[in-house]
Amino acid sequence: MTIAFVGHGYVGLVTAAVFADLGNTVWVVGRTKEKIEKLKKGDPLIYEPGLTELVRRNISAGRLHFTLDYKEAVVPSNVIFIAVGTPSKPNGEADLTSVFAAAEEIGTSLVGYKVVVTKSTVPPGTGKKVSEIVNRFKPEGSSFAIASTPEFLREGTGLSDTMHPDRVVIGTNSDRAREILTELHKPIDGKIVHCNVETAELIKYASNSMLATKISFANAISFLSERVGADVERVLEGVGLDKRIGRSFLYPGVGYGGSCFPKDVKALIAIAGEHTYDFTLLKAVKQINDEARQNFVNKIVKHFGSLKGKQIAVLGLAFKPDTDDMREAPSIDIITSLLEKGAKVIAFDPIAMDKAKPKLPKSVTFAHDAYEAATGAHAVAIVTEWNEFRQLDLVRLAKGMKSLVLFDGRNIYEPSHVRDLGFMYYGIGRM
Ligand SMILES: NC(=O)c1ccc[n+]([C@@H]2O[C@H](COP(=O)([O-])OP(=O)(O)OC[C@H]3O[C@@H](n4cnc5c(N)ncnc54)[C@H](O)[C@@H]3O)[C@@H](O)[C@H]2O)c1
């Protein structure tokens with residue numbers, strides 16, 4: 001099949017490359033000349049394990065093409081996926097400007113029959129609006145059906161998540177579009193959920209909000225664990241062994257971040273509000289998430305009394321390991337708060353430093369590795385659980401430090417092991 005993607009970010013490029021690898025001819029439309037030139041040469045512009053190789057292999061095989069010209073992509077394609085960003089507006093609603101701009105361009109370029117699919121995360125009702133726009137701009141004689149196939153991939157494991165998802169949601173009211181999309185997804189694992197467009201749109205928000213709820217629940221239990229002297233890790237192990245609950249996403253830490261959970265929770269609160277439902281549960285989820293970041297900073301402040309003149313090595317900047325995505329990363333709030341309280345911050349991240357620099361205050365210094373970051377530091381604060389931070393040589397780390405204090409924002413160290421090496425250890429929700 002020949003298909004097109006509008007947008008070449010974490011979702012657009014990953015799914016485009018996977019569908020190309022399955023033997024389809026795939027067109028990717030962008031709007032920035034320099035980026036499209038780089039993509040044509042096999043530079044994915046984002047970090048995702050295995051993506052560079054996949055993109056290059058499929059460019060060489062003549063299956064993956066990049067263009068600035070909608071017509072070049074739309075005309076030969078049976079299916080056109082809209083995979084552009086849907087960031088938060090200041091009031092929390094999803095900003096659909098890029099989705100509607102893409103719909104207009106697709107409409108203008110329409111020839112024959114096409115299936116126009118929103119893969120971006122969009123509020124229920126967006127499919128109808130996309131349909132109206134395509135209809136307004138399409139040339140006479142062309143026709144189309146609207147569908148929604150929300151994406152569930154996780155950055156860092158995007159390729160295998162796309163090939164082996166838990167489910168594929170195909171939302172459309174058109175039998176013909178359903179058949180075409182079912183055929184396209186045949187080689188992909190995962191149960192197919194057929195539904196209407198609005199249901200598919202809501203499944204995505206409901207899924208992300210449920211996961212965010214589990215994280216905030218774990219964080220709330222960690223706050224309580226600290227107050228009652230319990231170990232949150234054992235508490236959640238005990239809770240998660242119940243098959244009805246499960247352990248996944250029941251992890252305490254510095255809160256969720258990234259391009260999806262924060263914006264999708266805010267958007268679902270806004271969607272509910274628009275439909276006269278006050279989603280108090282999700283408002284609490286968001287509040288607990290903000291508290292988780294602050295709780296971590298408070299531990300550092302409490303230990304030192306004042307942060308004036310204190311140097312803190314922050315390890316990990318990306319919102320999670322194996323990605324360079326800095327959108328809504330907890331590190332931004334944590335570092336900003338540490339600086340406001342008078343600390344000096346030396347930061348290190350294995351992959352995300354280039355993307356982090358423009359997002360962080362100018363006074364942050366960057367190190368080449370964890371040991372350099374810790375040199376001269378009064379404390380090390382682990383914010384992202386990159387694998388390379390899990391087994392640091394703590395004896396070597398300690399050598400350059402002014403005082404031996406470890407704030408473990410992800411509970412990746414065993415407290416007794418760290419304390420045996422002479423450190424003061426502070427985790428989340430445990431003594
Ligand atoms: N990142 C994830 O892990 C993830 C997972 C599931 C769903 N999603 C959803 O998928 C959508 C895309 O997310 P992302 O992380 O890939 O975003 P991204 O910011 O990485 O990529 C967005 C892409 O859209 C392009 N774009 C924007 N407007 C355009 C236009 N008018 N014409 C052509 N291209 C345009 C940008 O240049 C960019 O390539 C969002 O709705 C997001 O919520 C993201």
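Student: How far apart are the end C-alpha atoms of α5, and what should its 13 residues span?

Tutor: This is a predicted model, where local features need pLDDT of at least 70, side-chain atom pairs count only at pLDDT 80 or more, and totals for chains, interfaces and linings use all residues. Residues are numbered from 1 along each chain as its sequence is written. Helices are DSSP runs (H or I, at least four residues), numbered from the N terminus, and the expected span is 1.5 Å times one less than the number of residues. So the 13 residues of α5 should span 18 Å, which agrees with its end C-alpha atoms, apart by 19 Å.

Student: Which residues of α5 are buried?

Tutor: Buried means 20 or more other C-beta atoms within 10 Å of the residue's own, with C-beta atoms placed from the backbone. By that count, the buried ones in α5 are Val99, Ala102, Ala103, Glu105, Ile106, Gly107 and Ser109.

Student: What radius of gyration does the protein have?

Tutor: The radius is taken over C-alpha atoms, and the globule rule is 2.2 Å times the number of residues to the power 0.38. For 431 residues a compact globule would come out near 22 Å, which agrees with the protein's 23 Å.

Student: What percentage of the protein's residues is buried?

Tutor: Take the 431 residues of the protein as the total. The buried share is 49%.

Terms used. A residue is buried if 20 or more other C-beta atoms lie within 10 Å of its own, exposed if 12 or fewer, and partly exposed in between; C-beta atoms are placed from the backbone. Helices (H or I, at least four residues) and strands (E, at least two) are DSSP runs, numbered from the N terminus.
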